[in-house]
Amino acid sequence: MSDASLPFRRLLALRLPRLATDRLHRRAGRGSSPSSGRLAGGGATDAPLAIFGRVGAAQRLEAVDAWAEAEGLAAGQPLAEARARVPGARFVERDPAGETASLEAIADWCDRWTPLVALDRTFDGEAGLLLDVTGVAHLFGGEGALAEAVVASLGRHGFAAAAAIAGSGAAARAVVRHGLDGASARVIAPGEDVTAVAPLPAAAIDPDGERVGRLMRLGLDTVGALGDLPRAAVARRFGGDLLDRLDEACGRLERPISPRRPVAALTAERGFAEPILSEGDVAQVVHSLAEALGESLERRGEGLRQAELALWRVDGTVQRVRIGTGRAIRDPDLVVSLFAERLKGMGEAIEVGFGIDLVRLSLPLTGRFEAVQGDFSGADRSLPAFEELVDRLGARLGARRITRALPGDGHLPEAAVALVPAASAEGRAATAWGFGAAGEPPVRPVRLFVRPEPIETLAEMPDGPPRRFRWRRVLYEVDRAEGPERIAVPWWRLPFGLGPEADGSEEDASHADATFAPGGDLGFGAVERRLAPEVATRDYFRVEEVGGRRFWIFRAGIVGRETARPRWFLHGLFA
Amino acid sequence: MSGYAELAIASNFSFLTGASHPEEWVGQAVRLGLQAIAVTDRNTLAGVVRAHVAAKTVGLRSVVGCRLAFADGTPEVLAWPSDRAAYGRLCRLLTLGNRRAEKGDCRLGLDDLIAWGEGMVLAPLPGRGALAGEAAGVAATLDRLRATFGREWVRLAAQPLFGPSDRRRFAGLAAMAETAGVGLLAVGDLLHHVPERRPLADVLTAIREGVSLDAAGRRLTPNAERHLRSGEEMARLFRDHPRAVGESSALLERLTFSLDELRYEYPEEDLEGARDPQEALVRLTREGALRRWPSGVPEGVEGALAHEFAIIGELGYAPYFLTVHDIVRFARSRGILAQGRGSAANSAVCYCLGITEVDPARGDLLFERFISPERKEPPDIDVDFEHERREEVIQYIYGKYGRERAGLAASVITYRSRSALREVGRAFGLGEDAIARLSGTVWGSSSKGPRAEQAARAGFSLEDARLARVFALARQIAGFPRHLSQHVGGFVITRGRLDEVVPIQNAAMEDRTVIEWDKDDLDALGILKIDILALGMLSALRKSFELVERHYGRPMGLSVIPAEDPATYRMVRRADTIGVFQIESRAQMTMLPRLRPATFYDLVIEVAIVRPGPIQGDMVHPYLRRRQGLEPVVYPSQELEAVLGKTLGVPLFQEQAMKIAIVAAGFSPAEADKLRRAMATFRRVGTIHSFQAKMVEGMVAKGYDRAFAERCFRQIEGFGEYGFPESHAASFALLVYASAWMKCHYPDAFACALVNSQPMGFYAPAQILRDAREHGVAVRPVDVNRSEWDCTLERGPHAADRVVPRHGEQAEAIWSSHAIRLGLRMVKGLSAAAAERLVAARGRGYDSVADLAARAGLDRAAIQRLADADAFAGLGLDRRTALWAVEALEEGRREATTLFDFADADALFAAEPAVALTPMPPGEEVIEDYRTLSLSLRGHPVAFLRADLAAIRTTRAGDLATTRAGAHVRVAGLVLVRQRPGSAKGVIFLTLEDESGVANVIVWPNVFEKYRKEVLGGRLLVVDGRLQSESGVIHVVADKLMDHTARLARLSRAGETPSAAMASDEVGHPIAEDRGRTGATSELARLVREVPETARDLEELAKRAGRAMPKGRNFH
């Protein structure tokens, strides 16, 4: 920017009144038919949509879409009441993180008009952006055209938006909230801020709802009325910050907008007068930046956990790539290779295009660097090696896809193992496989079959172990057996009627009557249906055949309760 | 084989653990042929009475026991007391643990058991995990118990786990028992009576742990084996240790204690020189009789007294009467109004003792309704006290008998349909939204569980397995106890230590202790309880008496009010009864012009008739027709004329129903009472059919029409739970009369006292004060220089001269000459403490906001509330000016400042230029009044919209009376009350208020479905409908509803609608004193169907069932 001394600033306040619902509509619309008609005007789906949040135990609506509004729903209504009023509506709990992400995405996207974009959080719970458009409006055909263009293009993406441009952020913000008179955009000519803001309600400049209420009750219902009062009287009663807000809105006080992107812990960048044009050059630059950062890290006793590489191309686009590591690292080679893996994994390459004029490496997250001392042989570096492997594989394939087996929390043997991402905190934690008691034989086999294999047996009724059984055509004589360990399936995952749920026949009998009622016997039909091994209760036995081999076998179905003819399966092998 | 007794059972009183009712365990035990069972809940005896009663019914032996869980790491120990003394120690032990812990918890250590465990068989129960980790602790506990109590008192319990190595485990336990020198005892350690209940056990676990089933993992049961087993099964499972199974039945010889041994002993009262309680009672009664009838006891009463003395003496109930007498005497000595209610009013003795007020000479009492020699159950005396001072009485009882001898009965809170659906839904991982929608489909709060069809109607697919299961399990869990709460006022007082009869817990309320049994348990064991109830009207009456005494110099009291005052009855007949006890609801008001009460007995009938009992028995219509002379008064027989004479041949009271059984069907009085009670609890006793046959056949045999006989029986059925005994109605009618008399003659004192006794009754202050103003009483605004905390009376105009025309005929009866000054209590959000400081520091008055701030030492928020409420108007400061001044005060300044600061503040004010604020528009002032005071003396908000409303041709509510019935009308008003009886078919009743009065609107379901939004969301509604008028009662049956709330918002610049502030939906404070006595929702639904015109006005009943709907939200 050549001209550093502009006589005045121009700010565009953007308001996204239905962000919370629009983003959901947009998401829903993307899957089926992304036609613009469906998404226009703040979104429209089959059912009215309202977003609710909770304050303590109370649930209240916080945002509604146009349809819900037409049905009489509004922010502030208790959820229960809203439900009763519009039973057909869809009520979704607020997702603040998701909304922030959406707003940030929109902010990024607004880069196209100006690089100076800030999230506007002045009014709690309202989504807004402030764009410093000083000196850029002429590129888009003037301020009026710019404001219209912003609103229109957001509208095409399914976001209802309104914009106002004024000489200060506060004035623009006040106008966009209360001074549009039904229009979607308005420009306040330079110097006109005070007159534009004066007729607006106090709520336009003051986010403190409680204070606004007090002002209203005093009859001070416009910014102008407030401005007419003696300043000392106002300050004394309502605090100096109200005067500040007034002054900001009138252009008497300026507040800089804060940049949106978080400042990374450590950053290094290198600009080039002559744009670099090859990928190899980029890799070299990254290496040297990593080296430079590595020194800083070393001084801090830290290593990087996350790194972001940003490449500014001369055509004005920015390419950003991010990596994460399982443990803190410093090695520049490793950093370069992780970025390379990441790009390959994404099926991308560094797009040099017409050249890159700025490369920045920033480290949003660092962690304690733990030096590992090798032993004399230099061989035992298994842990870092393992972590490195996890990091590299993760960078290449996606961190979620590298998993580790951990003990699962379930009674069924199949559910006793769970795979979790190796890079997650859970996956990293040391875990004990605490099965069986000391001095006793193991209760679970070394090898568990994915599919239990049917066997033929001769067994004691009703729940004794088999005397002999045939597995894979070989007959085994059972020498010793222990069991049964009875394990039932998670009944709630079965088709209804197959689970052991008691019937509803007790419905009109009081529990006292049940004293005399027959027990909850199940009909024989139900018994037969439950024969499938995946449905039946299993009686597991640890058996040792005369030859010394040990097996884990089970009977499917409890005799008398579930079946008359149980079937047998072999499910695993002990050593 | 010697059989098996299951001694380790968790019933569902092990909250969120046990998955079967005690009764279900008993039933299953009988089916399996067990010798006995012991319900051993975790650190509680809350379920043992139910098991005991059920077992007795089917002839099974039940053993009392408990599963003791310790806070000090000791393994759990099963404990069964062998005799009464040991049982007492168990109760003491549990009480000790309870009193130490928060409500609902029990903290015990092994040392406590060592101290109290004598005479109990104790069996440590190893946990269900691997034995290895626990073995040392179990062995140590065994050793310590054996060393203390001897080996014959200690066993080691072993339960089948169906784990990987049960036999190995049993062998280990047997070895451990051998080492410790104690016997091994086979137990089940059971959760559910049949395997089919395992899902419920898992759901309970998920609820308890606050996780979904999927996330609960191994916290759930691995299998369905924790169910009751036969002796053969147990013998098979313990085949390596047959003696362990035999040990269970061997123990039965030692565990001889039965709950039947609990002998209730009345507390000893001071006999004041008499030889025994009976003599003391006779003496006190005689003294009382002399006070009641100075000129001699009437003959009939003399006979009744002799009869009662005989029965009381025979049953030994005299001490009980003395106890109640003492409590009432205490209350009277403190100036607390008290009056017995219920069947006790059938007793001449109670009347003489001053416990009740119904003159036995006036009516004909059925003492057997109160005490029956055949019914081995203690009498039940309920006494109402002023609601604001009942706590004094309660603390007196604790003080006199001590917490070891007095405790409140528990009340078992159970899962209802909605709570069941909600929690089961959560266990199944349904989202909050789905759960809310699901439970939204369920109407009513039935304990029978949600009906799936309701959800199906609401569009949920029951094909979905998960949903079907949610419903199936919610139906199972409905009726399960969730926790123990305290009974509204049922006190148990004992001679010996109460904590040796039943464990005592801390209540949620401070200074309260509660026993673990509820009133049914107490009834079953014959343990007496005294109901110490709270009644708001008694508070209001006492306050109004005090006001009349102070301002009119006339001594007042319940007994001072002149009887049978014609002006009072005139007022009652006009249904001018806002604020009058019992007959103020719309249902009652609808009835008054038809019933036309002219004597006290008519009031008794009025109180009794608007009840589900008579309605269900279809007695209301015939009575009304006869009363109005539309139908001849005939009697089914000569003998019944004596019974039904006073009620024109239609039975209206419980006693009459009983007497029909006696006179016409040949029942004995005690049998008749049994019949009535059988109705109430027929499900449990299961004897209803024999009674029905006996009664109907008995009547037919004596020549009665079978249809009539069956109708009589049906009526008793309804009376069982929902009818009033005549005595009770008479007790209430006394208060009806007293409050009506006060309202008739001193509307100022009456309204003032009512407002000062809030929350109570049916109407909010706005309606009460409006009614007072209509009766000529001036009401003056809150004023920082004149108001006390309470509303007060000050000299005012003669009310009789200012009565509105509508109440013109009432004018001559009104003696009021005072105005009501609204008290600071009316200011929303102002604390009593702040108000007290303000009044105390007032001196000769405050002259400015700053003056008040400085001298009263209130914080700014409190002063702001006063300014918001326009309480500075007396100083010439309007609302905005006062608020402007308040804003200038320093935040948080509390303490009165020094003289120096004072001057400083003044200086600051002087320095500030005057600011001219725009005056508040009148409409907004009214809205602000409602917002800050819940009422306005300036006018009605609707009045400010009148021009607009007239433009759309609305009729004022006050003009409906002169509108032709059947005409199409349009009315508009603020929604005061919205309600719907608990049935999906139910109509909605709306009460709209405008500046001229109220309009009653009926919304039929089809209209409701169409205008749901308007009905539920509107604060200001415009309703088109047809006018219906019957016996002077006017309704608008709605065709169309329009929400005009936005008009209200425009009145206020701040855009506030006088929502909750305006709608006196706030009247929905349920009256605690009478809750639970009225019918369940389904009864209301039946009422609606059967007697539409009464059903139209169900406010009162609905409210009592706790279901008035503030802001139309939770009305279903």
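Tyr317(B) is buried, at 7% relative accessibility; the term denotes under 20% relative accessible area, with exposed meaning over 50% and partly exposed the range in between (1.4 Å probe, protein chains only). The model is predicted: local features need pLDDT of at least 70 and side-chain atom pairs pLDDT 80 or more, while totals for chains, interfaces and linings use all residues. Residues are numbered from 1 along each chain as its sequence is written, chains are lettered from A and ligands numbered from 1 in the order in which they are written, and side-chain values use heavy atoms, with hydrogens and water left out.

Rings of Phe, Tyr and Trp (its six-membered ring) pair if their centres lie within 6.5 Å; planes under 30 degrees apart are stacked, over 60 edge-to-face, and the rest tilted. Over all chains the count is 30 aromatic pairs. Tyr317(B) forms one of them with Tyr266(B), edge-to-face, at 6.1 Å centre to centre and 80 degrees between the planes. Tyr266(B) lies in the loop between H10 and helix H11 (277-292), and Tyr317(B) in the loop between helix H12 (299-315) and helix H13 (318-333), so the pair ties together parts of chain B that are 51 residues apart in sequence. Helices (H or I, at least four residues) and strands (E, at least two) are DSSP runs, numbered from the N terminus. Tyr266(B) is likewise buried, at 11% relative accessibility.

Tyr746(B) and Trp815(B) form another edge-to-face pair, with 5.6 Å centre to centre and 80 degrees between the planes. Tyr746(B) is in the loop between helix H34 (726-745) and helix H35 (747-756), and Trp815(B) in the loop between strand S16 (792-795) and strand S17 (818-821), so parts of chain B 69 residues apart in sequence are tied together. Tyr746(B) is buried, with a relative accessible area of 4%, whereas Trp815(B) is partly exposed at 37%.

In chain A, Arg211(A) belongs to helix H9 (residues 209-217) and is buried, with a relative accessible area of 5%. The side chain of Arg211(A) makes a polar contact of 2.7 Å with that of Asp206(A); such a contact is a pair of N or O atoms within 3.5 Å, where within protein one must be able to donate a hydrogen and the other to accept it, and residues adjacent in sequence count only if both atoms are side-chain atoms. A polar atom of the Arg211(A) side chain also lies 2.8 Å from the backbone oxygen of Phe238(A).
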